Amino acid sequence: MVHYKLYYFPIRGIVEPIRDLLKYAKADFEDVRIPKEEWPQFKEKTPTGKVPYLEFEGNVIPESMAILRYLGREFNLNGANNVEAAEIDSVVEVVKDTANKVRDYIRVARGLQEGDRIELFRDLYVPNRDVLMAYITKQMQKSKSGFLLNSGVSWADFFLAETFETLSLVDEDFNTRYPGAAVYKRRVFNLPNLKEYIDSRPEGSF
Ligand SMILES: N[C@@H](CCC(=O)N[C@@H](CS)C(=O)NCC(=O)O)C(=O)O
C-alpha cells in the first residue's frame, strides 16, 4: 500500500477536501500539520514555498487542486467517464471564480482584514453566492445519486461539502437559504470512513 504524507498547517484551510478524500479512501497517510512557528524554516524545504504538498514513493506533488485530481484518479473518484470528469472541473472552477470574487468579504468576516462587513455581505457576497448556488443546485438536481455526479461519490463532493462548511461559517443564513446544500453536506460527511474524522475535528474551525 502506498504511504502518503500530506503537508499543511493545523487548520482546515484549503487542504480539508484532500484529508476527507484520503480518509474516505482508507489510504495510508500521515497528516503532517506544521506548527506556525516552524513555518519559516519549513518553507525552504517545500517545492513552491507553500503548502499543501503530497509526498509518496519519491514523488512530490504541490498545489491543492493537482493533489485532489491526482488522488481522484488514483482512487477512482474522478467520475465514471470524461464527461463526468469535466462536470467536476466545471463546478470546481465556478466555485474558485466565486471564491476569488468574494475574497474581501470572507477575509473581513474572518477578522483577517478591515472593512464594512454588512456592506460587503449585501453588495458583494450575497449576489455572487446566489449565482453560484443557482448553478450548483441545477447540477445537483441532474444527479440521481445524491452526490454531484450521477455515478456516485467523487472528489468534487469533498471539495463542495467543505466549501459549504466554510460558507456556513461566514454566512449565518446559508443553511436556511440553501437547505439542500446542508443536507448534501451531511450526506458527504456521513460517508463511511469519513464520519469518524469529521466528528473528531473541532467544530466551526476554518
Ligand atoms: N494555489 C496553491 C495555494 C497555496 C497557498 O497559498 N498556501 C498557503 C496556505 S493556504 C501558504 O502556504 N501560505 C504560507 C506562505 O505563503 O508562506 C494551492 O492551491 O495549493
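On a 1 Å grid over the protein atoms alone, a pocket is an open set of points where a 1.4 Å probe fits, with protein on both sides within 12 Å along at least five of seven lines, and its lining residues have an atom within 4 Å of a point. A molecule sits in a pocket if more than half of its atoms lie within 2 Å of its grid points.

The model is predicted: local features need pLDDT of at least 70, side-chain atom pairs count only at pLDDT 80 or more, and totals for chains, interfaces and linings use all residues. Residues are numbered from 1 along each chain as its sequence is written, and side-chain values use heavy atoms, with hydrogens and water left out.

**Stop 1: the ligand.** Select the ligand; the space that it takes is the largest pocket. Display next the residues with a heavy atom within 4 Å of the ligand: Tyr8, Phe9, Ile14, Trp39, Lys43, Gly49, Lys50, Val51, Pro52, Glu63 and Ser64. This shell comprises six nonpolar, two polar and three charged residues; Ala, Val, Leu, Ile, Met, Phe, Trp, Tyr, Cys and Pro count as nonpolar, Asp, Glu, Lys and Arg as charged, and the others, Gly among them, as polar.

**Stop 2: polar contacts.** These are pairs of N or O atoms within 3.5 Å. The side chain of Lys43 places an N or O atom 2.8 Å from an oxygen atom of the ligand, and a polar side-chain atom of Lys50 is likewise 2.8 Å from a ligand oxygen atom. For Glu63, a side-chain N or O atom lies 2.7 Å from a nitrogen atom of the ligand.

Stop 3: The volume of the largest pocket is about 1,200 Å³, taken as the space filled by probe spheres set on the points, which are joined across faces, edges and corners. Among its 39 lining residues, Gly13, Ile14, Lys96, Ala99 and Arg103 are the closest to the centre. By class, the lining has 20 nonpolar, eight polar and eleven charged residues.

**Stop 4: the backbone.** Select Val51 and Pro52: the peptide bond between them is cis, with omega near 10 degrees. Finish at Lys26, whose phi is positive, near 55 degrees.

Definitions and conventions
A polar contact is a pair of N or O atoms within 3.5 Å; within protein, one must be able to donate a hydrogen and the other to accept it, and residues adjacent in sequence count only if both atoms are side-chain atoms.
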